[in-house]
Amino acid sequence: MTFRRPIQHCRACGSAVVYRVPDDGDTRERAVCPACGTIHYENPLNVVGTVPALGDRVLLCKRNIEPRWGKWTLPAGFMELDETTAQGAARETDEEAGAQIEMGPLFSVLNVPRVGQVHLFYLATLLSDRFNPGYETIEARLFTEDEIPWDELAFRTVKATLERYFADRRAGRFGMHCIDIV
């Protein structure tokens, strides 16, 4: 079952919307304004972040916000308007960890249709082992693979990304991963 907060009012005129298949040939139910005819489309949100590494260690952030307060995560968050996915990932890494990075290639794309999200993680090289976490982070810390608090990770997307990161590191080459979290 997909999580969706239904649109209730038209963004164009403020009238109450109805959910129905539009008369324009569309095949999906949409929020349609009966007053002005505006069709409102609901699209997934993008979550962008990094897998910041220094040698054999990866940076994780302990969350100071809900959901999953006190759990560990990679630095990531919602993409903002007027930024690329890489810019958003770098911004989130700075905001959450205060980490200085050199951005690498896109590493994982995770589809999470149940909550209407797509998560994109980039590889990143840490330029320092000094961090200045923002208000959303209790602690930012480096972990080797054996030290990762696997049972304390906040999200399945983070676990799946880290599993593939360490598998690729052992194999000596990094690929690009597309993963469905169902």
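# A walk from cavity to core

The lining of the largest cavity splits by class into two nonpolar, two polar and three charged residues. (Nonpolar covers Ala, Val, Leu, Ile, Met, Phe, Trp, Tyr, Cys and Pro; charged covers Asp, Glu, Lys and Arg; the others, Gly among them, are polar.) The model is predicted, so local features need pLDDT of at least 70 and side-chain atom pairs pLDDT 80 or more, while totals for chains, interfaces and linings use all residues. Residues are numbered from 1 along each chain as its sequence is written, and side-chain values use heavy atoms, without hydrogens or water.

Stay with that cavity. Its volume is about 30 Å³. The structure holds one cavity of 30 Å³ or more. The residues around the largest cavity are Cys61, Arg63, Ile65, Thr73, Glu96, Glu136 and Thr137. On a 1 Å grid over the protein atoms alone, a cavity is a set of points where a 1.4 Å probe fits but cannot get out; a pocket is an open set with protein on both sides within 12 Å along at least five of seven lines; lining residues have an atom within 4 Å of a point. Points join across faces, edges and corners, and volume is the space filled by probe spheres set on them.

Now step back to the whole chain. It has two helices and 11 strands. (Both are DSSP runs numbered from the N terminus: helices are H or I with at least four residues, strands E with at least two.) Along the sequence, the pattern reads β-β-β-β-β-β-β-α-β-β-β-α-β. The C-alpha atoms fill a box of roughly 60 × 35 × 30 Å along the principal axes. The chain has 182 residues, and 40% of them count as buried. (Buried is under 20% relative accessible area, exposed over 50%, partly exposed in between, with a 1.4 Å probe and protein chains only.) Among contacts with a separation of 6 or more, 59% join residues 24 or more positions apart. (Contact means heavy atoms within 4.5 Å.)

Next comes the interior. In soluble globular proteins, nonpolar side chains tend to be buried together. Here the largest nonpolar core has 23 residues, and Leu60, Leu74, Leu162 and Tyr165 touch the most other members. (Such a core is a set of buried Ala, Val, Leu, Ile, Met, Phe, Trp, Tyr and Cys residues joined through side-chain atoms within 4.5 Å.) Two or more residues come from each of strand 4 (45-54), strand 5 (57-63), strand 8 (101-112), strand 9 (117-126) and helix 2 (156-171). Helix 2 gives the most, with five. Another core lies apart from this one; it has nine residues, including Cys61, Ile101, Ala140 and Leu142.

Look at Leu74 close up. Beyond its neighbours within four places in sequence, Leu74 contacts Thr50, Val51, Pro52, Val58, Leu59, Leu60, Glu96, Phe121, Val158, Thr161 and Leu162.

(The expected span is 1.5 Å times one less than the number of residues.) Its buried residues are Thr157, Val158, Ala160, Thr161, Leu162, Tyr165, Phe166 and Asp168. They pack against strand 4, strand 5, strand 6 (72-73), strand 8, strand 9 and strand 11 (177-180). Gly172 follows helix 2, with a positive phi near 85°.

Of its 47 lining residues, Leu45, Phe78, Val115, Gly116 and Gln117 are the closest to the centre. By class, the lining has 20 nonpolar, nine polar and 18 charged residues.

A few single residues remain. Arg30 sits in strand 2 (residues 30-32). Arg30 counts as buried because its relative accessibility is 16%. Not counting residues up to four places away in sequence, Arg30 touches Val18, Tyr19, Arg20, Pro22, Ile39, His40 and Tyr41.

The loop between strand 5 and strand 6 holds Pro67. A cis peptide bond joins Glu66 to Pro67, with omega about 0°. Arg68 is found in the loop between strand 5 and strand 6 too. Arg68 is not a glycine, yet its phi is positive, near 70°. Its relative accessibility is 44%, so Arg68 counts as partly exposed.

Asp82 also has a positive phi, about 65°, without being a glycine. Asp82 lies in the loop between strand 7 and helix 1. At 84% relative accessibility, Asp82 counts as exposed.
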